[in-house]
Amino acid sequence: HNVAKTDKNDVITDVFRSRAVLAGSPTVNKGILNAMAGILEEIEGLRFKNKKAAAFGCYGWSGEAPKLIAERLAKGGFEVVDEGLKTLWEPDAAIIETARAYGRSFTAKIGVKA
């Protein structure tokens with residue numbers, strides 16, 4: 001979901017239905033986008049159980065977003081399976097392949113065949 005364009009209730013419903021989530025945001029002013037922060041606030045309050053998660057993001061200077069997202073997911077009851085993926089702005093072909101490999105790695109960690 002693009003959480004800036006999708007109704008938050010649809011996002012939360014899909015989180016309830018899922019075994020795992022992969023959440024991301026670029027780092028903006030050493031934080032995450034407002035729309036993602038709002039979803040994570042909802043998730044924290046719901047205290048999910050038996051779900052896995054990881055985070056990803058891009059950055060220009062500092063790159064805090066994946067760590068911040070992972071912390072919020074953990075507070076929401078998710079088992080965070082790794083440190084996430086952090087890349088520079090405007091990915092080239094090598095970074096896109098790294099992201100695809102990360103996605104395959106994540107699905108393996110949650111027990112899904114890619």
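These exercises walk through a predicted model, each with a worked solution.

**Exercise 1.** Find which residues make up the covered face of strand 4 (residues 85-88), and which residue stands opposite Leu 85.

*Solution.* Start with the faces. Leu 85 and Thr 87 form the covered face of strand 4. Lys 86 and Leu 88 form the uncovered one. Next, look at the partner strand. Strand 2 (residues 52-59) runs parallel to strand 4, and 4 bridges join them. Within this pairing, Phe 56 stands opposite Leu 85.

**Exercise 2.** Compare the reach of helix 4 (residues 93-109) with its expected span, then inspect what lies at each end.

*Solution.* Count first: helix 4 has 17 residues. Now the N-terminal end. Asp 92 caps it, with a side-chain oxygen 3.1 Å from the backbone nitrogen of Ala 94. After the helix comes Gly 111, whose phi is positive, near 85°.

**Exercise 3.** Locate the largest nonpolar core, and name what Phe 78 touches.

*Solution.* The largest nonpolar core holds 19 residues. Those touching the most other members are Val 15, Met 36, Leu 40, Ile 43, Ile 69, Leu 73 and Phe 78. Helix 1, strand 1, helix 2, strand 2 and helix 3 each give two or more residues to this core. Now take Phe 78. Leaving out residues up to four places away in sequence, Phe 78 touches Val 15, Val 21, Ile 43, Phe 48, Lys 51, Lys 52, Ala 53 and Leu 73. Another core, of 6 residues, lies apart; among them are Ala 20, Leu 85, Phe 106 and Ile 110.

Conventions: Residues numbered from 1 in each chain as written. Predicted model: local features only at pLDDT ≥ 70, side-chain atom pairs only at ≥ 80, totals over all residues. Heavy atoms only, no water. Buried < 20%, exposed > 50% of the residue type's maximum accessible area, 1.4 Å probe, protein only. Helix = DSSP H or I, 4+ residues; strand = E, 2+ residues; numbered from the N terminus. Pairing = 2+ DSSP bridges. Expected span 1.5 Å × (residues − 1). Polar contact = N/O pair within 3.5 Å; in protein donor to acceptor, adjacent residues only side chain to side chain. Core = buried A, V, L, I, M, F, W, Y, C linked by side-chain atoms within 4.5 Å. Contact = heavy atoms within 4.5 Å.
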